[in-house]
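My plan is to look things up one at a time and write down what I find.

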Amino acid sequence: MNTYNINKGIGRTVEFKGLKAQYLFLFAGGLLGMLILIMILYMTGVNSYLCLFIGIGGGSLLVWQTFSLNKKYGEHGLMKVGANKRHPRYIICPKPVYRYFKFNSKLYQL
């Protein structure tokens, strides 16, 4: 009879080296963008040492910033901050409040 291991990670978010959820995609996309930028700079004839410096500096900054965002906001916090920026701070109501509560007497006549 075969024995199968039970997958106990069902329902959990993706995690790699402490990075969770959207930070993992942000990290991978940032590194891919840095790689493309360095390739374009190298192909245009920029000095190799400058390309190397930009690549190492940008990659280090990306790693540091991604891990600090992960630590500061947590798994879903970055999405909450983005959603909070899209909500209005207050609602402007041009009509006086009593106009909203005024009942039309014609509707209630039988």
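**Entry 1: the record.** Before I use the UniProt record, a reminder to myself: its positions are given in the numbering used here, feature names are shortened, and annotations may be inferred rather than shown by experiment. I also note that what I am looking at is a predicted model. The unreviewed UniProt entry lists residues 21–40 and 46–64 under "transmembrane region".

I then checked what the model shows over those two stretches. Residues 21–40 are 95% helix and 0% strand, with 30 Å between the end C-alpha atoms. For residues 46–64 I found 89% helix and 0% strand, and the end C-alpha atoms lie 26 Å apart.

**Entry 2: the whole chain.** I looked up the elements and found four helices and two strands. Starting at the N terminus, their order is β-β-α-α-α-α. Of the 110 residues in the chain, 15% are buried. I also looked at contacts with a separation of 6 or more, and 61% of them join residues 24 or more positions apart.

**Entry 3: helix 1.** This helix covers residues 22–44, which is 23 residues. From the first C-alpha to the last it reaches 33 Å, close to the 33 Å expected at 1.5 Å a residue.

Which residues of helix 1 are buried? I listed Q22, Y23, L24, F27, G30, M34 and I38. They pack against strand 1 (15–16), strand 2 (19–20), helix 2 (48–73) and helix 3 (77–86). Just after helix 1 comes G45, which takes a positive phi of about 105°.

- Q22 sits in helix 1. I call Q22 buried because its relative accessible area is 17%, and buried means under 20%. Leaving aside neighbours within four places in sequence, Q22 is in contact with E75, L78 and M79.
- Y42 also has its place in helix 1. Y42 is exposed, with a relative accessible area of 55%. Not counting residues up to four places away in sequence, Y42 touches S48 and C51. I also looked up Y42 and L52: they are 10 residues apart in sequence, and their C-alpha atoms are 9.4 Å apart in space.

**Entry 4: helix 2.** How does the span of helix 2 agree with 1.5 Å a residue? Its 26 residues should span 38 Å, and the end C-alpha atoms are 37 Å apart, which agrees.

The buried residues here are C51, G58, G59, L62, T66, L69 and N70. Strand 2 and helix 1 are among what covers them. Just after helix 2, G74 takes a positive phi of about 80°.

- N70 lies in helix 2. N70 counts as buried because its relative accessibility is 11%. Beyond neighbours within four places in sequence, N70 is in contact with G18, L19, K20 and Y23.
- F67 is found in helix 2 too. At 33% relative accessibility, F67 counts as partly exposed. Leaving aside neighbours within four places in sequence, F67 is in contact with K17 and L19. The C-alpha atoms of F67 and G18 are separated by 8.2 Å, although the two residues are 49 apart along the chain.

**Entry 5: how the two helices meet.** Two packed helices are described by the angle between their axes and the distance between the axes. For helix 1 and helix 2, I read an angle of about 170° and axes 10 Å apart. That makes helix 1 roughly antiparallel to helix 2, because angles over 145 degrees count as roughly antiparallel.

Which residues make the contact? From helix 1 I noted Y23, L26, F27, G30, L31, M34, L37, I38, L41 and Y42. From helix 2 I noted S48, C51, I54, G55, G58, G59, L62, V63, T66, L69, N70 and Y73. Sorted by kind, the residues of this contact divide into 15 nonpolar, seven polar and no charged.

**Entry 6: looking back.** Y42 is exposed, whereas N70 is buried.

Note on methods: Residues are numbered from 1 along each chain as its sequence is written. This is a predicted model: local features need pLDDT of at least 70, side-chain atom pairs count only at pLDDT 80 or more; totals for chains, interfaces and linings use all residues. Side-chain values use heavy atoms; hydrogens and water are left out. The expected span of a helix is 1.5 Å times one less than its number of residues. Buried means under 20% relative accessible area, exposed over 50%, partly exposed in between (1.4 Å probe, protein chains only). Contact means heavy atoms within 4.5 Å. Axes are lines fitted to C-alpha atoms, for helices over the stretch in contact, and angles run from 0 to 180 degrees between N-to-C directions. Angles under 35 degrees count as roughly parallel, over 145 as roughly antiparallel, 65 to 115 as roughly perpendicular and the rest as oblique. Ala, Val, Leu, Ile, Met, Phe, Trp, Tyr, Cys and Pro count as nonpolar, Asp, Glu, Lys and Arg as charged, and the others, Gly among them, as polar.
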